[in-house]
Amino acid sequence: MSATAENPPASAATAVATAVAAAVAAAVEERVTARVITDDPLFRKIPVALRFAPAEPLAVRIVFPSGLSPEGTDNEWVFPRALLEAGLQAPTGTGDVRVWPCGRVQAVVEFHSPEGVAVIQFDIAALRRFLRRTNAPVTRQA
């Protein structure tokens, strides 16, 4: 048998599978605890998933648990990653999602929907850690 027969070149399907595996490996998910801000002096802590997929390099996702939704399903918000980055420095956003720093260690993300407004407070360190992790996959794709 020739060397070529023993070690055939990678097929297109193999190349696609490798690219998909690399993209999946580059996906980022960070689980953090956030605080729901209401009129109540006691705040409620909730688990939140921050997600980034290389297939959507300009977007981030914030996923709230199903227990917060009247429908009993996860509530996912997709918005520009640049909005989250800018909002850690100064108030930004005019649409459904608005972000601003709240002191030196907290940031507020405000979500507007037809059902109302949700105001969620995050630790800036957790958001920065997530954003740092999202930068590596984007750099490789460029």
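## Basis

The model is predicted: local features need pLDDT of at least 70, side-chain atom pairs count only at pLDDT 80 or more, and totals for chains, interfaces and linings use all residues. Residues are numbered from 1 along each chain as its sequence is written, and side-chain values use heavy atoms, leaving out hydrogens and water.

## Fold

The chain has four helices and seven strands. Helices (H or I, at least four residues) and strands (E, at least two) are DSSP runs, numbered from the N terminus. Along the sequence, the pattern reads α-α-β-β-β-β-α-β-β-β-α.

The chain has 142 residues, and 31% of them count as buried. Buried means under 20% relative accessible area, with a 1.4 Å probe and protein chains only.

## The cavity

General idea first: rolling a probe the size of a water molecule over the atoms shows where empty space is left. A cavity is a set of points, on a 1 Å grid over the protein atoms alone, where a 1.4 Å probe fits but cannot get out; lining residues have an atom within 4 Å of a point.

The lining of the largest cavity consists of Arg51, Phe52, Ala53, Glu56, Ala59, Val60 and Arg61. Two elements give two or more residues to this lining: β2 (44-52) and β3 (59-64). β3 gives the most, with three residues.

## Thr134

Thr134 sits in helix α4 (residues 124-141). Thr134 is buried, with a relative accessible area of 0%. Leaving aside residues up to four places away in sequence, Thr134 touches Val28, Phe52 and Arg81. Contact means heavy atoms within 4.5 Å.

Definitions and conventions:
Buried means under 20% relative accessible area, exposed over 50%, partly exposed in between (1.4 Å probe, protein chains only). On a 1 Å grid over the protein atoms alone, a cavity is a set of points where a 1.4 Å probe fits but cannot get out, and a pocket is an open set with protein on both sides within 12 Å along at least five of seven lines; lining residues have an atom within 4 Å of a point.
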